[in-house]
Amino acid sequence: MAKAAAGKATPKKAQSNGARKAAPKKATAAVSKVAKRQAEELHKEVANKAQLYDEAAIDKPTKAQEKAMIAAAVDAKKNAYCAYSHFRVGASLLTMDGEIIPGCNVENSSYGLSNCAERTAIFKAVSEGKREFRAIAVSCDIESQFVSPCGACRQVMSEFGLEVHVLLLKPEPDGTQAVMYTKVGDLLPHAFRPKHLIIHGEERK
């Protein structure tokens, strides 16, 4: 009888081990669901804010802010790491709370890994918790014409609103900077936006 009882206990032990193995999988699945839900909520928040700024006009920088942005963008060029193109670019990003965040281009021997000044400034701002912007200024050394951001930078800028002002700077012979105003939406019409991903998700339901 004792042997029979021991034999019956074996399946129960095996079942217990199986339950313990299943527990981590359930915990992992639960964490994944929470992370997915948080990502979806953040996505919707970003999309809603982007839509809001598309619809609402954003005031231009004040004269004092414009002057400070120009100085910051020009100064940022000094830090440009452009060992391959020798094309210096500086940028300055004006947040909604009035902070100015500079950035410069950073090149790499693997050319595709290079980063433009505009994206450097934006990524720096986002890493510091800044996501709402009023304007961005861009400066290079070409004197004969205004130079606008590349396509990749336009797409990154559009993530945070099409109404954001863009100040294109051109150095003048007297040492001053000529300024041309435009907007992200004018530089990238029919942009691919966060809201398109939301629409896609809703249509798949």
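Me: Which element gives the most to the lining of the largest pocket?
Reply: H3 does, with three residues. This is a predicted model, where local features need pLDDT of at least 70, side-chain atom pairs count only at pLDDT 80 or more, and totals for chains, interfaces and linings use all residues. Residues are numbered from 1 along each chain as its sequence is written, and side-chain values use heavy atoms, without hydrogens and water.

Me: What makes a residue part of that lining?
Reply: An atom within 4 Å of a pocket point. The pocket is an open set of points on a 1 Å grid over the protein atoms alone, with protein on both sides within 12 Å along at least five of seven lines. The lining has 19 residues; Phe87, Val89, Asn105, Cys116 and Glu118 lie nearest the centre.

Me: Which helix and which strand each supply at least two lining residues?
Reply: Helix H3 (117-127) and strand E3 (133-140). Helices are DSSP runs of H or I with at least four residues, strands runs of E with at least two, numbered from the N terminus.

Me: What is the volume of the largest pocket?
Reply: About 260 Å³. A volume is the space filled by probe spheres set on the grid points.

Me: What share of the protein counts as buried?
Reply: Of its 205 residues, 36%. Buried means under 20% relative accessible area, with a 1.4 Å probe and protein chains only.

Note on methods:
Buried means under 20% relative accessible area, exposed over 50%, partly exposed in between (1.4 Å probe, protein chains only). On a 1 Å grid over the protein atoms alone, a cavity is a set of points where a 1.4 Å probe fits but cannot get out, and a pocket is an open set with protein on both sides within 12 Å along at least five of seven lines; lining residues have an atom within 4 Å of a point.
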